[in-house]
Amino acid sequence: YTRGTVTAFSPFDARADAEALRKAMKGMGTDEDTILKIVTSRNNAQRQEIASAFKTLFGRDLVDDLKSELTGKFETLMVSLMRPAYIFDAHALKHAIKGAGTNEKVLTEILASRTPAEVRHIKQVYLQEYEANLEDKITGETSGHFQRLLVVLLQANRDPDGRVDEALVEQDAQVLFRAGELKWGTDEETFITILGTRSISHLRKVFDKYMTISGFQIEETIDRETSGDLERLLLAVVKCVRSVPAYFAETLYHSMKGAGTDDDTLIRVMVSRSEIDLLDIRQEFRKNFAKSLHQMIQKDTSGDYRKALLLLCGGDDE
């Protein structure tokens, strides 16, 4: 069951696609249109089969050819779509923590939104692919309460959803209230433990109860009581507990609103959610931002890059 905009293409012929792509890149000039249509309308598993057929038929690496024929954001988008799905998150994290400066935004987005099973998978792939321990890498590049919450999320030990204990809901809400609004200086550890380990269904009830007790949404308290990377990570966790598609709709909106576009985020989210929940993200986008995702991409991007993103987006939600 998927709420993605990209599904398996049928009838699928990997060799025919490989031949069409080779033809699109052979000789003078590149036929970008053929490339973007094939790459955006096949799912990731099919793209891997095309890459394999391409190598078999021509002895060439499809991704290398795409890199040498395409440029700019369009190239980044096509190459991202060609990356095997299982390695996508691990690769994004690897690049977020390598070299000078850490990209906290990527760490936040991925670790706040992925399920415990997905996080366990990311750690495993990271170890296999990069022969390094993801947790060690992240702790080496981060610090303070931000680091601690990342480590809690990396444990992937959130309580499974089950019957919600109303007494514990009340208790957690009271504890959070005392740790935030009632305390001079915030007890961040309490927020980290509760938000990082309780089940999703439990936390949704805690947020409702918190509102009743304090008169504030938990987001407002986090906003007032914390700052910087920790604040952004706590807010991301809360938003993902409430609704992962709504979190990504907001992430996409902010990647495009105002001057300039955060293309890295736009590409990462469109690619990583295209086979999971992009239909739900589109719905939330329409509901919360008085315009469709399609309209915003249309307005904010151009050229083949825009064409490809709009195909990934699928329809327009009038």
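Analyst: Happy to. A nonpolar core is a set of buried Ala, Val, Leu, Ile, Met, Phe, Trp, Tyr and Cys residues joined through side-chain atoms within 4.5 Å. Buried means under 20% relative accessible area, exposed means over 50%, and partly exposed is in between, using a 1.4 Å probe on protein chains only. The model is predicted, so local features need pLDDT of at least 70 and side-chain atom pairs count only at pLDDT 80 or more, while totals for chains, interfaces and linings use all residues. Residues are numbered from 1 along each chain as its sequence is written, and side-chain values use heavy atoms, leaving out hydrogens and water.

User: Which residues touch the most other members of the largest nonpolar core?

Analyst: They are I35, L77, M78, L195, M270 and L293, in a core of 96 residues. Helix 15 (residues 228–242) gives the most to this core, with nine residues. Helices here are DSSP runs (H or I, at least four residues), numbered from the N terminus.

User: What is M270 in contact with, beyond its neighbours within four places in sequence?

Analyst: Contact means heavy atoms within 4.5 Å. By that rule, M270 touches L252, L278, L293, I297, L309, L312 and C313.

User: Which residues of helix 5 are buried, and what do they pack against?

Analyst: In helix 5 (residues 72–82), the buried ones are F74, L77, M78, V79, S80, L81 and M82. The buried residues of this helix pack against helix 2 (32–41), helix 3 (44–58), helix 4 (62–69), helix 6 (88–96), helix 17 (263–273) and helix 20 (303–313).

User: Why is S113 called buried?

Analyst: S113 has a relative accessibility of 6%, and the limit for buried is under 20%, so S113 counts as buried. S113 belongs to helix 7 (residues 104–113). Apart from neighbours within four places in sequence, S113 contacts E118, C240, V244, Y247 and F248.

User: What makes the link between S113 and R114 a polar contact?

Analyst: A polar contact is a pair of N or O atoms within 3.5 Å; within protein, one must be able to donate a hydrogen and the other to accept it, and residues adjacent in sequence count only if both atoms are side-chain atoms. The side chains of S113 and R114 are joined at 2.8 Å.

User: What is the distance between the closest N and O atoms of K209 and E170?

Analyst: That distance is 3.3 Å, and the two form a salt bridge. K209 in helix 13 and E170 in helix 11 link distant parts of the chain, 39 residues apart. K209 is partly exposed, with 27% relative accessible area, and E170 is partly exposed at 32%. Salt bridges that share partners also join D33, K37, D304 and K307 into one network.

User: Why is the pair of Y253 and F285 called edge-to-face?

Analyst: Rings of Phe, Tyr and Trp (its six-membered ring) pair if their centres lie within 6.5 Å; planes under 30 degrees apart count as stacked, over 60 as edge-to-face and the rest as tilted. By this rule there are seven aromatic pairs. Y253 and F285 have ring centres 6.1 Å apart and planes at 65 degrees, so the pair is edge-to-face. Y253 is in helix 16 and F285 in helix 18 (residues 278–289), 32 residues apart. Both Y253 and F285 are buried, and Y253, F285 and F289 form one aromatic cluster.

How values were computed
Helix = DSSP H or I, 4+ residues; strand = E, 2+ residues; numbered from the N terminus. Salt bridge = Lys/Arg side-chain N within 4 Å of Asp/Glu carboxyl O.
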